[in-house]
Amino acid sequence: MDFTLSEEQLMIQRAARDFAQNELLPGVIERDDAQKFPAEQVKKMGELGFMGMMVDPKYGGSGLDTISYALVMEELSKIDASASVIVSVNNSLVCWGLETFGSEEQKEKYLTRLSTGQSIGAFCLSEPEAGSDATSQKTTAEDHGDHYVLNGTKNWITNGNSAEIYLVIAQTDISKGHKGINALIVEKGMPGFEIGPKENKLGIRGSDTHSLIFNDVKVPKENRIGEDGFGFKFAMKTLAGGRIGIAAQALGIAAGAYELALKYSKERKAFGTEISNHQAIAFKLADMHTQIEAARHLVYKAAWDKDQGNSYDLSSAMAKLYASQVAMDTTVEAVQIHGGNGFVKDYHVERMMRDAKITQIYEGTSEIQKIVISRSILKG
């Protein structure tokens, strides 16, 4: 077992850390307060190659491995989870899905724009009555020969208003169940495509989350990804990789909160000495560090499995389940270590606690991860 990062991976990690400190940290509290999308920062992340990290360079991507992607997600998430989720969706759910399953024409038309950050993508699966139960799609795509007519509503869509390219999962033949579902590429501005109001969220407030409404949207048949009926399988395969991105995000949130708590514990004094000298605080830090290190190994293992061509359904589910729990536990303790200051926005940890919660919900709730894990171990 070799746990050593390559020189290239270390260089990418440093670049992401520097960007997070210099570009994301200034204004992060204000963006959270105002629910402001980090448009300028996203543009710079595109220029750095962070928006299409695993995409082949012939489509404008960086051509890097999944571990490098996880490293970048971790560093960005230490500072601003709103910015990192934009990176995660664009890389894991949109670029990867298009590159792996899209036609050559689709890649040339859409992937080149997405991988450079020229355009942002969105992945549209969830509905008012189809969150964890992804088979219950009410959005329909009626086959009209050379095109589909799309009708329905999608909920909780990250990059909902900022995206230009949307991968929409819809039911074409209800009699076939999940085998009657298709994945369609929809462009912003198509007639009948409306963007609903922005959600006022607990955390990741800098990312824009919207409902999307489709009223008789005409989508050309060449915008279907894969064969007829491939949509559900496309969504599930794409989400398995997405879990690695969100697990890395959760890891980053936990690590960022821990670093702040560690620093604070060495500066804040109580009862005549730094609070880090009190066993009650020192033991909290020991637990946090241990749990973060365990989560890190699970995340990197899932990324390694993907890079090796191994099945990563189980490892990505375990990584997301555990890292998201560690993110919640660590941020709660970071607030506790900060005491009253932890409840104040200027110290960042209250925001991280709010941001951490969503990692247990989106791209498969913790309960869904347990279904994936239990089915895998019982089948094996």
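The structure is a predicted model, in which local features need pLDDT of at least 70 and side-chain atom pairs count only at pLDDT 80 or more, while totals for chains, interfaces and linings use all residues. Residues are numbered from 1 along each chain as its sequence is written, and side-chain values use heavy atoms, with hydrogens and water left out.

UniProt, in an unreviewed entry, places "domain: Acyl-CoA dehydrogenase/oxidase N-terminal" at residues 6-117. UniProt positions follow the numbering used here, feature names are shortened, and annotations may be inferred rather than shown by experiment. The span 6-117 is 72% helix and 0% strand, and its end C-alpha atoms lie 26 Å apart. Helices (H or I, at least four residues) and strands (E, at least two) are DSSP runs, numbered from the N terminus. The unreviewed entry also gives "domain: Acyl-CoA oxidase/dehydrogenase middle" for residues 122-217. That span is 0% helix and 50% strand, with 17 Å between its end C-alpha atoms.

Two strands may now be examined. Strand β4 (residues 165-171) pairs with β5 in the antiparallel sense over seven bridges; two strands pair if DSSP finds at least two bridges between them. Isoleucine 169 has alanine 183, in β5, as its bridge partner. Strand β5 (residues 181-187) is largely enclosed by the rest of the structure, because six of its seven residues are buried. Buried means under 20% relative accessible area, exposed over 50%, and partly exposed in between (1.4 Å probe, protein chains only).

The spaces in the model come next. On a 1 Å grid over the protein atoms alone, a cavity is a set of points where a 1.4 Å probe fits but cannot get out, and a pocket is an open set with protein on both sides within 12 Å along at least five of seven lines; lining residues have an atom within 4 Å of a point. Grid points are joined across faces, edges and corners, and a volume is the space filled by probe spheres set on the points.

The largest pocket has a volume of about 1600 Å³. Its lining consists of 50 residues, and Met236, Leu239, Arg243, Glu363 and Gly364 lie nearest its centre. Several elements each supply at least two lining residues, among them β1 (121-124), β3 (147-158) and α7 (231-267). The largest share, seven residues, comes from α7. By class, this lining has 25 nonpolar, twelve polar and 13 charged residues. Here Ala, Val, Leu, Ile, Met, Phe, Trp, Tyr, Cys and Pro count as nonpolar, Asp, Glu, Lys and Arg as charged, and the others, Gly among them, as polar.

The second largest pocket has a volume of about 390 Å³. It is lined by 13 residues, of which Asp2, Phe3, Ile67, Tyr300 and Lys301 are the closest to its centre. Helix α8 (residues 279-308) gives the most to this lining, with six residues.

The structure also holds two cavities of 30 Å³ or more. The largest cavity contains about 50 Å³ of space. Its lining includes Val28, Arg31, Asp32 and Arg351, and helix α2 (residues 28-34) provides the largest share, three residues. One nonpolar, two polar and five charged residues make up this lining. The second largest cavity contains about 30 Å³ and is lined by Met54, Val55, Asn91, Cys95, Trp96 and Glu99.
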